[in-house]
Amino acid sequence: MSQTPASPPPSLDGIGVDDFIAFMPEGMGRLNEKMGVELVEISAERVVATMPVAGNTQPFGLLHGGASVVLAETLGSIGSAIHAYPDRIAVGVDINATHHRAATAGTVTGTATAVHLGRTSTSYEIVVTDERGKRVCTSRITCALVPARKD
């Protein structure tokens, strides 16, 4: 697990992927580590990550729909956290997903695009595609932005 820096940055806007992961209290989080989620690009407006299909399948060998949702929630939550920081934190309140086609091998890529970046909430559309660029899943997440604890 990563250590949080002694002095927190004034903003997460423009932070690099490695610095962002190091700043998080538990890095990428155990579930994302187990699933092989790797961040590629991060900002409040757009977050991109990849995830292998292998190890994230259901009994018929297809990418598990829940794995697509985990990827989507991760991306939307990261974008929301970047937007909310430092005065607020993001908490997911709603997520949905439509599964369009199966993925059976390779890597999928999730791209979260901000739909709404407000003072008290955010919403993202997340598109998960296979290696051919074919849409596997479309998801939408809404996060509430609540006041950060002042310790």
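Student: Which strand does β3 pair with, and in what sense?

Tutor: Two strands count as paired if DSSP finds at least two bridges between them. Here, in a predicted model, β3 (residues 88-99) and β6 run antiparallel, joined by eleven bridges.

Student: How many bridges join β5 to β6?

Tutor: Nine, between antiparallel strands, with β5 covering residues 121-129. I126 has S139 of β6 as its bridge partner. The hairpin of β5 and β6 leaves five residues between the strands, and G133 takes a positive phi near 85° there.

Student: And how do β1 and β2 pair?

Tutor: β1 (residues 38-42) and β2 (residues 46-52) run antiparallel, with four bridges. Three residues make the hairpin link from β1 to β2, and I42 stands opposite V47. β2 also pairs with β4 (residues 107-117), antiparallel over seven bridges. M51 and V108 are bridge partners in that pairing.

Student: Let's zoom in on one residue. Is T142 buried or exposed?

Tutor: General idea first: buried means under 20% relative accessible area, exposed over 50%, and partly exposed in between (1.4 Å probe, protein chains only). T142 sits in β6, residues 135-147. Its relative accessible area is 16%, so T142 is buried.

Student: Which polar contacts does the side chain of T142 make?

Tutor: A polar contact is a pair of N or O atoms within 3.5 Å; within protein, one must be able to donate a hydrogen and the other to accept it, and residues adjacent in sequence count only if both atoms are side-chain atoms. The T142 side chain has such a contact with the side chain of S123 at 3.1 Å. Another, at 3.0 Å, links the side chains of T142 and R140.

Student: What else does T142 touch?

Tutor: A contact means heavy atoms within 4.5 Å. Leaving aside residues up to four places away in sequence, T142 touches V91, G92, V93, D94, T122 and S123.

Student: How should I read the pLDDT?

Tutor: pLDDT is the predictor's confidence in each residue, from 0 to 100. The protein chain averages 95, and 95% of the residues score at least 70. Over residues 1-5 the pLDDT is below 50, and this stretch has 13 contacts in the model beyond near neighbours in sequence.

Student: What ground rules apply to numbering and cut-offs?

Tutor: Residues are numbered from 1 along each chain as its sequence is written, and side-chain values use heavy atoms, with hydrogens and water left out. Since this is a predicted model, local features need pLDDT of at least 70 and side-chain atom pairs count only at pLDDT 80 or more, while totals for chains, interfaces and linings use all residues.

Definitions and conventions
Helix = DSSP H or I, 4+ residues; strand = E, 2+ residues; numbered from the N terminus.
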